[in-house]
Amino acid sequence: MYVIGTAGHVDHGKSTLVKALTGIDPDRWAEEQRREMTIDLGFAWLTLPSGRTVSLIDVPGHERFIKNMLAGVGGLDAALLVIAADEAIMPQTAEHLAILDLLGITHGIVVISKADLVDAEWLALVQDEIADQLAVTSLATAPIVPVSARTGQGLDALRATLDQVLDMTPTRSVAQGMPRLPVDRAFTIGGFGTVVTGTLLDGPLRVGQEVELLPQGLPARVRGLQSHNAKLTEVLPGNRVAVNLAGIHHSAIARGDLLALPGALRPTQMIDLRLRVILAAPQSIEQNMRLDLFVGAAEVLCRATLLDAEVLPPGAEGWVQLRLERPIAVQRGDRCILRIPSPSLTVAGGTIVDAHPPRHRRFRPDVADRLDTLARGTPDELLFQALGDGAPQFWSDVLQASAMTEAIAREALDTLLANQRVLALHDDPVNVTPTVVLTPAGWAALEQRMLPALRAFHTRLPLRRGMPREDLRQRLRLPPRMFTLVLGEAQQRGLIAADTVSIWLANHDPQPTPAERRVLDSYLAAMARTPYGPPTPDFDAELLAWMLERRMLIKIAADIYFLPGTYAELIEWLRVTISTAGSVTVGQFRDAFGSSRKYALAFLEHLDERNITRREGEGRVLA
């Protein structure tokens, strides 16, 4: 679904054109029909040759009703700029075009109405004038279609051209957030109660949903939904919709209020925006100037704080903070129009970059830098960009690269985490601030380097428990603190196991082959026969390492190993002997167990190194 709005000078045939296209008279009020002049917004719809249905919003062209026009153009996908052939560009033509340009409406058609009233030469001159006027606006490439609503000339061509333009116009029917409905009408219908209408933004609205009217914060419930007189259970964003509300009286609702899900939006009285002053503005924007702000369907008076300039002359741009006289509900990315209240004229427009800013001091470079960052994209997009290829980075480095404040970056990170676009690793699980962040793709790349390296290690050395931690860290080229967090994440995912020394695949269980087991058993039997003078191992070093890792042997010195039971027996004898005799010499140890001096000296020196004993003269005492 697309929403298309008219624009143009009074009496240039906008309403007549809408009626000719749709068969629906958009002038709803008796006064409009009596005066033959549109005063308020009108609504219609039509089905194009392609079969797509579009909504049409007809706006008043008279300068006295420009505020009503602004209430209807905030949610447009495309525009029909209507210019009468016999009058060409007039004052409200230029102002409406400036508004469309400030709102960033880039898709549309220029309709030259009343084409039957002029000859071909005059029509060509009007087309040239229009092309010149559009050249520096967002509608510079808009096609120009002459029509006559009275004779029907060009209406089929207009419908076909509208289809072509919409083929290139992005749809907003894909939900990209929570639903927002700027209210442009509120009324009551007998037997149904309160009804509000508007163009639905961002997310779907469903029958039965609890909603909230902002800025008042009044609760309500969606009793019914209609679009183009058809009852629906759900309406997607980008559609005109009438919402039947339960729990609220229509007298409590005004044009410019906003319907949203409870708690989804917070009203504000301060906004930051990038402001552009139109070249045809009658005056400059000055510090503390009183202006009329139009955003969505809302209108509110405000004061402007110029953050990076003394004055903004016609054609200039700058950062501005607006202080609103009453709260409204808006969000980042909303476009707005600013007019001077008297004489009521459009002077500027912009895009909101922060809907809840702190109050800023003027001419602060850090404020301008922050706003520049926000203007380049959504904070979560900017933060995601700062992650580069997604490899793990310390949060402090990402924060610096994003050029955002901690508060904004944390909000952006929360969004990315909720959407599973990033992973956060924490030194301290209690601390909500992450230590390391990376993307799922970055994690996958880590796995592709880590797991094959461990598999290769296990294949090469199948009896080893695992790869030394430092070896793997160097292979992954990670700093120690980051490496520890990455290992922790891999363990939580059940990919690996680790101790303080080694890392191995979670399913790795090193076991000797049958031949190795026979060698092992033979050696253990030989050790049992001469426990205090054990034989030197004469088999593969990897099998020896496997035995040591499982504490089947205890290494005393190079080529000297004891069984664990023998080791414990010797230590206990030593403790008892020293306790009763005061010390133990090498000779005493040798004679007590019938071993050689080689083994006795090696064992006592081993205990010295472990601080179990210490040497005093020719003997050992307990340390």
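## Close-up views of a predicted protein model

View 1. Asn 244 counts as buried, with a relative accessibility of 8%. Here buried means under 20% relative accessible area, exposed means over 50%, and partly exposed is in between (1.4 Å probe, protein chains only). This is a predicted model, where local features need pLDDT of at least 70 and side-chain atom pairs count only at pLDDT 80 or more, while totals for chains, interfaces and linings use all residues. Residues are numbered from 1 along each chain as its sequence is written, and side-chain values use heavy atoms, with hydrogens and water left out. Asn 244 sits in strand E15 (residues 240-246). Helices (H or I, at least four residues) and strands (E, at least two) are DSSP runs, numbered from the N terminus. Which residues is Asn 244 in contact with, leaving aside its neighbours within four places in sequence? They are Phe 192, Gly 193, Thr 194, Val 195, Arg 221, Val 222, Arg 223 and Gly 224; contact means heavy atoms within 4.5 Å.

**View 2. The whole chain.** Let us step back for a moment. The protein chain has 18 helices and 35 strands. Its radius of gyration is 40 Å, well over the 25 Å that the globule rule gives for 623 residues, so the chain is more spread out than a compact globule. (The radius is taken over C-alpha atoms, and the rule is 2.2 Å times the number of residues to the power 0.38.) Along its principal axes, the C-alpha trace spans about 130 × 55 × 55 Å. Of the 623 residues, 50% count as buried.

**View 3. The largest nonpolar core and Leu 293.** A nonpolar core is a set of buried Ala, Val, Leu, Ile, Met, Phe, Trp, Tyr and Cys residues joined through side-chain atoms within 4.5 Å. The largest one has 67 residues, and those touching the most other members are Ile 285, Leu 291, Leu 293, Leu 312 and Leu 322. Helix H4 (residues 91-102) gives the largest share of this core, 5 residues. Zoom in on Leu 293: leaving aside its neighbours within four places in sequence, its contacts include Ile 271, Val 300, Leu 322, Leu 324, Ile 328 and Leu 338. Apart from this core lies another, of 26 residues, among them Leu 446, Phe 457, Leu 476 and Ile 496.

View 4. Where is Pro 215 found? Look in the loop between strand E11 (210-214) and strand E12 (218-227). The peptide bond from Leu 214 to Pro 215 is cis, with omega near 15°. Another cis peptide bond joins Ser 342 and Pro 343, with omega about -10°. Pro 343 has its place in the loop between strand E23 (335-340) and strand E24 (345-354).

View 5. Ala 88 is a residue other than glycine, yet its phi has a positive value, near 60°. You can find Ala 88 in the loop between strand E4 (78-84) and H4. Is Ala 88 buried or exposed? Ala 88 is buried, with a relative accessible area of 6%. Asp 202 is not a glycine either, and its phi is positive at about 75°. Asp 202 lies in the loop between strand E9 (193-199) and strand E10 (205-206). At 24% relative accessibility, Asp 202 counts as partly exposed.
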